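Student: I have a new structure to read. Could you walk me through its features, one at a time?

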Amino acid sequence: MKKEIPIFIVFFIGTIGFLQYFFIGPISKSVYTLLLEWFQGVQGMAIVMAVISLTKRHLHNLKRKKDTFYSLVTLSSLYGMIILGVFFGIEKGSTFDKIYEYVMVPLNATTFSLLAFYMASASYRAFRARNLESTLLLLSAFILMIGFTSFGDMISDKLPSFAQWILDVPNLAAQRGITLGVALGVLATSLKIMLGIERSWLE
């Protein structure tokens, strides 16, 4: 019963969430609103469980003296921000807000700056004209980069409109194809979970 009851709950909730898109009315709307409220409650419980799991994991590291510095930084940051937010507020100008503004935001900016170098390296490898597909990708990227700058107008007055056509027609068609593929993949995975075929989430 440890597996059957969770599978039944997932099947029941998933079926209601799926059918409410096809039977639009006050009852389906109220049921959907109720499910969203339950989802927020479950999400809150998941955050508490995540904090407990993270704490246990890093306490285990401290006992084994493994990555002690990183575990101390993680635990002190986690509980320091919780204490500051709960007891001293999160208003503009508070200590919580200043730490977020002057520590968290610069750290995020630094991380994304480093990612820019990895993206440039990946683009260099992808844009090398080794076959027909990579040549088309290279030409498209070159036309888009030149077309949306002032050099595009200097080269030809039709280049910016051609760059916009690449963005609106072939690019948008590819994006919709990828979105459709992702949606079908999500639907197939959801059906496997609802029907109990995929049970790895129970382990």
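**Overall shape**

Tutor: Start with the radius of gyration, taken over C-alpha atoms; the globule rule is 2.2 Å times the number of residues to the power 0.38. A compact globule of 203 residues would come out near 17 Å, but the protein has 25 Å. This is a predicted model: local features need pLDDT of at least 70, side-chain atom pairs count only at pLDDT 80 or more, and totals for chains, interfaces and linings use all residues. Residues are numbered from 1 along each chain as its sequence is written, and side-chain values use heavy atoms, with hydrogens and water left out.

Student: What box do the C-alpha atoms fill?

Tutor: Roughly 65 × 50 × 40 Å, taken along the principal axes.

Student: How many helices and strands are there?

Tutor: Both are DSSP runs, numbered from the N terminus: helices are H or I of at least four residues, strands E of at least two. The protein has 8 helices and 0 strands.

Student: How much of the protein is buried?

Tutor: Buried means under 20% relative accessible area, exposed over 50%, and partly exposed in between (1.4 Å probe, protein chains only). Of the 203 residues, 12% count as buried.

Student: How do I read contacts by sequence distance?

Tutor: A contact means heavy atoms within 4.5 Å. Take the contacts between residues at least 6 apart in sequence: 26% of them join residues at least 24 apart.

Student: How do I check the length of a helix?

Tutor: The expected span is 1.5 Å times one less than its number of residues. Helix α2 (residues 26-64) has 39 residues. From first C-alpha to last, α2 reaches 57 Å, close to the 57 Å expected. Helix α5 (residues 132-147) has 16 residues and should span 22 Å; its end C-alpha atoms are 22 Å apart, which agrees.

Student: Which residues of α2 are buried?

Tutor: Ser28, Leu35, Thr55, His58 and Asn61. Their cover includes α1 (4-19) and α3 (68-88).

Student: What does asparagine 61 touch?

Tutor: Leaving out residues up to four places away in sequence, Asn61 touches Lys66 and Ser71. Asn61 counts as buried because its relative accessible area is 8%.

Student: What comes just after α2?

Tutor: Lysine 65, with a positive phi of about 55°.

Student: Which residues of α5 are buried?

Tutor: Ser134, Ala141, Ile143 and Gly147. What covers them includes α4 (95-126), α6 (150-155) and α7 (159-168).
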